[in-house]
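Please look over the sequence and the structure together before reading on.

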Amino acid sequence: MLDLFRAVMTDDEITAAGAEYRAAVTDLNGDVPLLPTTVTTKPLSEAFGVSDLKAHLPAMAEANRGRANCTAVNVGAMAEGQAIDSPAFKAAVDDVGFGTSVLIGPPPDGTTPVISPFNAKFEFENFLCRREVGDGLSGRDEVYFTAAARSDKHTQEPAYQSDEFEKVEQGDVRPFRSDQRLVFGGPAGAFVLVVVQVWEADHSPDEFYDKLMMALEAWLDQPFWVDLTLEILTAMSGVGGTIIGVIDSIIQVFVSLKECLREFFNNADDLSCERALLFDRHAMATLYHRKDTEWEFNGDGHHSLRVKYTGERPVLPTGTVQYVAMRADKVSAPVSLGWKSASPPTLAVFENQLRCFYTRPADDAVMWSTRDTHGVWSPPQPIGNWASIYKLTPAVFQNKLFMAHVGLDGTVWIAHYTRSNGWSQTTRIPEIQTSQAVALAADATWMYLMHRAADPGRSDLFWQSSTNGSAWTAAEWNNWQSLRAPSLAASGQSQWLVSLGTDGKNYVGKRPGSGRFNTKHIWSWGNDEAPTVVTTSNLWVAARADNGDIKFIKRGSTDDQWIEVTGAQVGAMPGEVALAYHDEALYAMYRR
């Protein structure tokens, strides 16, 4: 931090500023998280190091908790095209003049992530003036932008400064010159951080601009916060609040530094607004598909900056869990959860929360995570000592979340979860074995299970049911055959079955409460992976096509009519697609 100030101030000036700061803190009869008394009371010969800063992170996070100008953005909402800035955030930035946003994926699952470099690139396209700064006699602004950006692999130098945009009025949209669009371009691995300022120019002396650029570049050359951010992203759970604390501290240093420049160089330019935005590789994977976003600078003036991500798709480990969401037949950009799975993941909705299940490659442990009402996923946790190499199979029955999994020896086990008691002990469903994932579904009275014969030479599907999830009827052959694992859904008094037939075609069956499933060939996508079915107000089926696309189909006005709705070009790995309907959206999860 001292190096940052020394880029623009003499040691005597720093000493004087420090004395004023300490006096201000004393007058407030308290401590401040940015430069606490544990820092300001140290002698100059004793450094406040990175280890001291790490120890102080909880206090910084607590100080930022609830501050509307510091926010963790829901990447899933961004993937669906929603704005990254909420009305509350924009209003808070208007109050204080600066804001901090982090766009990061879920916390790690305890394994060491593999971080491969890729070329990231952010470009300014244009800005819209929603409100003028309005301090000039003409009522029109002269606006310019400055920025500093770096990743964990690259420093963007020199710092960015745009041309001055003259006579900017409310409603104007001004494009950036083609040779002044690049804000960051270079290798990245874990993250890119961009700090942007919007200024209203009033013809400051050249010395001010020189010192401003020197300050930005001095910050770019400081490696300590890069190492700290990287450590938080890759090793800590609940990273959002901690990252906000680190980045917000950085931007507060900049705000203080600008005020110093204003005093020491008789600067007349007005800092309208300043923001810091951190994107981790999972957020940039979503931006790769969405491309552009709008960053709001609601300070003395209000300017909407349109920024486009034009870099490469981040390199994520093979087998990384991702999902897309479909609303009104429109598919979102992919969202990466960052967790690597040995088997296709699965989804469940229980107590109005979306739940993800997958198997950890290192030990085949069954893992799960819950997404809260704000779209934040919890740190994944293992479920007991479960282990499997097959897709997990959930069903909600009698106010419990049931989960069936196939053991490493092909035996089938089931357990249930409640919020009050957690996960029960697993019990084996007797006398059945399989070499594929099982199918599970439930209505108000019965829970149903279907499995494929364990003998690789057989493709028969067997059906059984239970009224309590522990005692099961004997397995009964249902006159169906399948190349892959079946999928079940229940709706009212009917049960639905979809499977990939031995002829490579996709079949759907309906069982109207009793008897066997009828059969009907519905479509052929050239897929050799099993389809998945889910019931909403309608019946939906999804499957991975041979080219890695995910195809969606829904039932028409009759059981005989099936309509292909859309597809998602996501490069999915081979395996079943998980489906769940939640919050008026259809979620499809897969491995990339």
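Accessible areas here come from the Shrake-Rupley method with a 1.4 Å probe, and for residues only the protein chains shown count as cover. By that method the protein chain exposes about 24400 Å², of which carbon and sulfur atoms supply 47%. This is a predicted model, in which local features need pLDDT of at least 70 and side-chain atom pairs count only at pLDDT 80 or more, while totals for chains, interfaces and linings use all residues. Residues are numbered from 1 along each chain as its sequence is written, and side-chain values use heavy atoms, with hydrogens and water left out.

Of the 592 residues in the protein chain, 54% are buried, where buried means under 20% relative accessible area (1.4 Å probe, protein chains only). The chain holds 10 helices and 38 strands, which are DSSP runs of at least four residues for helices (H or I) and at least two for strands (E), numbered from the N terminus.

Strand E35 (residues 550–555) pairs with E36 over 6 bridges, and lysine 551 stands opposite glycine 567 in E36.

Elsewhere, serine 369 lies in strand E18 (residues 365–371). Serine 369 counts as buried because its relative accessibility is 1%. The side chain of serine 369 reaches the backbone oxygen of serine 378 at 2.7 Å, a polar contact (a pair of N or O atoms within 3.5 Å; within protein, one must be able to donate a hydrogen and the other to accept it, and residues adjacent in sequence count only if both atoms are side-chain atoms).

How values were computed
Buried means under 20% relative accessible area, exposed over 50%, partly exposed in between (1.4 Å probe, protein chains only). Two strands pair if DSSP finds at least two bridges between them.
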